[in-house]
Amino acid sequence: MSEVETLRKELSTARKEIQNLRKQVTNLTYVHQKDIQNIKTLIENYRCESCKNIDNIKPDISETPTDNENLFKPIGLIKTVFAAGKRAVPRQPSINRLLGRIEISQNVFNNPEHSLDGLSSFSHLWIIYHFHRNESHCKAKVAPPRLGGSRVGVFSTRSPHRPCPIGLSLVEIDKVDDRFVYFYGTDMVDGTPVLDIKPYIPAYDCPAAFNATNLERSIEHRNESTTSSDREEPDGEENFGVATNQLPAASSSSVKVPNWIDKPSTLTVIFTDRSSDQLSQLEMNKNDIKQILSQDPRSIYLRTKHGSQLFTFQISNVMVSCQFDDENATVTVVQILKAEQFDAEICKDDE
């Protein structure tokens with residue numbers, strides 16, 4: 001066999017190998033793209049345990065429309081000053097005047113501002129949201145701060161650690177602007193997903209108003225000489241124009257709460273000269289810090305195990321350090337720094 005023929009055979013073999021390699025590359029490319037798609041699907045469908053619990057709360061399919069997948073999809077997010085985490089977030093909206101903001105997502109409506117039309121006519125608003133930062137395992141019994149370590153059933157408290165991590169807050173509307181709702185009474189962390197918002201209506205939501213309304217209807221019913229078929233049924237709109245403070249007070253037996261709920265927990269907030277100077281330099285509202293600290297934001301664990309240690313929390317871009325005195329029911333603010341300045345001092349101490 002001549003050298004030319006040998007080279008031709010080797011060239012032919014090489015071409016076949018190249019063709020086989022091309023087929024393998026094509027197959028590998030297909031497998032690679034399929035793996036990428038599977039990973040994307042897994043990421044998009046990933047649910048933490050809390051989200052899985054929410055996804056599982058679906059009515060009987062036979063009695064509901066086929067688009068149940070849209071249930072519990074957030075309608076927007078809440079913007080607050082508590083971007084660093086849950087520490088020092090007020091436990092209830094009614095004990096503070098911190099400003100928050102709801103942003104309705106443009107993925108929900110083509111014109112999200114249309115969904116808020118008329119809301120500015122109300123003074124207060126219910127916000128239903130997801131406790132998306134709660135990673136701890138929920139328990140049947142919890143220890144509310146006011147009980148000093150004693151435990152009660154989770155459903156007799158407003159603990160955020162619940163089987164279905166859904167929050168409910170009644171807040172005061174500041175203003176409605178485009179697709180944003182500004183409100184007073186922040187008790188959520190920054191970035192909290194909103195599931196729904198509903199206007200507060202005293203005639204429906206306030207026990208005192210409810211009792212007064214039904215009492216009035218009962219009297220009208222007894223005094224009405226005509227039969228029920230001759231009169232029009234009430235439509236629930238009769239009391240919309242009645243101010244809450246004009247409604248008769250509910251009887252003492254109509255509204256009740258456990259004694260530990262009524263226990264006063266207000267602490268006296270003291271500012272050192274240093275912290276007062278820092279506060280002035282930062283041009284920050286002193287009342288915002290007072291509202292947070294006066295209600296003792298510490299957990300039972302921190303209060304009992306580390307009560308004498310400095311308590312530090314972040315509000316907006318500021319770090320506040322304070323010292324609690326449980327015997328005298330006081331808390332002293334010792335330092336107020338910008339977050340980046342605070343971090344720099346921590347690094348300097350570590351060195």
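This is a predicted model: local features need pLDDT of at least 70, side-chain atom pairs count only at pLDDT 80 or more; totals for chains, interfaces and linings use all residues.
How many bridges join β9 to β12, and do these strands run parallel or antiparallel? Four bridges join the two strands, which run parallel.

**Sheet architecture**
- The open sheet consists of four strands in the order β9-β12-β11-β10, with mixed pairing.
- From one strand to the next, the twist averages 30 degrees.
- Within the parallel pair of β9 and β12, F271 has V333 in β12 as its bridge partner.

**The β10-β11 hairpin**
- Strand β10 (residues 311-315) pairs with β11 (residues 318-325) in the antiparallel sense over five bridges, and F311 stands opposite C322 in β11.
- Two residues separate β10 and β11 in this hairpin, and S316 in the turn has a positive phi of about 60 degrees.
- Four of the five residues of β10 are buried, so this strand is largely enclosed by the rest of the structure.

**Residue T330**
- T330 is found in strand β12 (residues 330-338).
- Its relative accessibility is 15%, and T330 therefore counts as buried, the cut-off being under 20%.
- Beyond residues up to four places away in sequence, T330 touches T268, I270, Q323, F324 and D325.

**Helices on the sheet**
- Helix α6 (residues 273-282) lies across β9, β11 and β12, and runs at about 45 degrees to β12.
- Helix α7 (residues 286-294) also packs on the sheet, where it touches β9, β10, β11 and β12; the direction of α7 makes about 135 degrees with that of β9.

Terms used: Residues are numbered from 1 along each chain as its sequence is written. Side-chain values use heavy atoms; hydrogens and water are left out. Buried means under 20% relative accessible area, exposed over 50%, partly exposed in between (1.4 Å probe, protein chains only). Two strands pair if DSSP finds at least two bridges between them. Contact means heavy atoms within 4.5 Å. Axes are lines fitted to C-alpha atoms, for helices over the stretch in contact, and angles run from 0 to 180 degrees between N-to-C directions.
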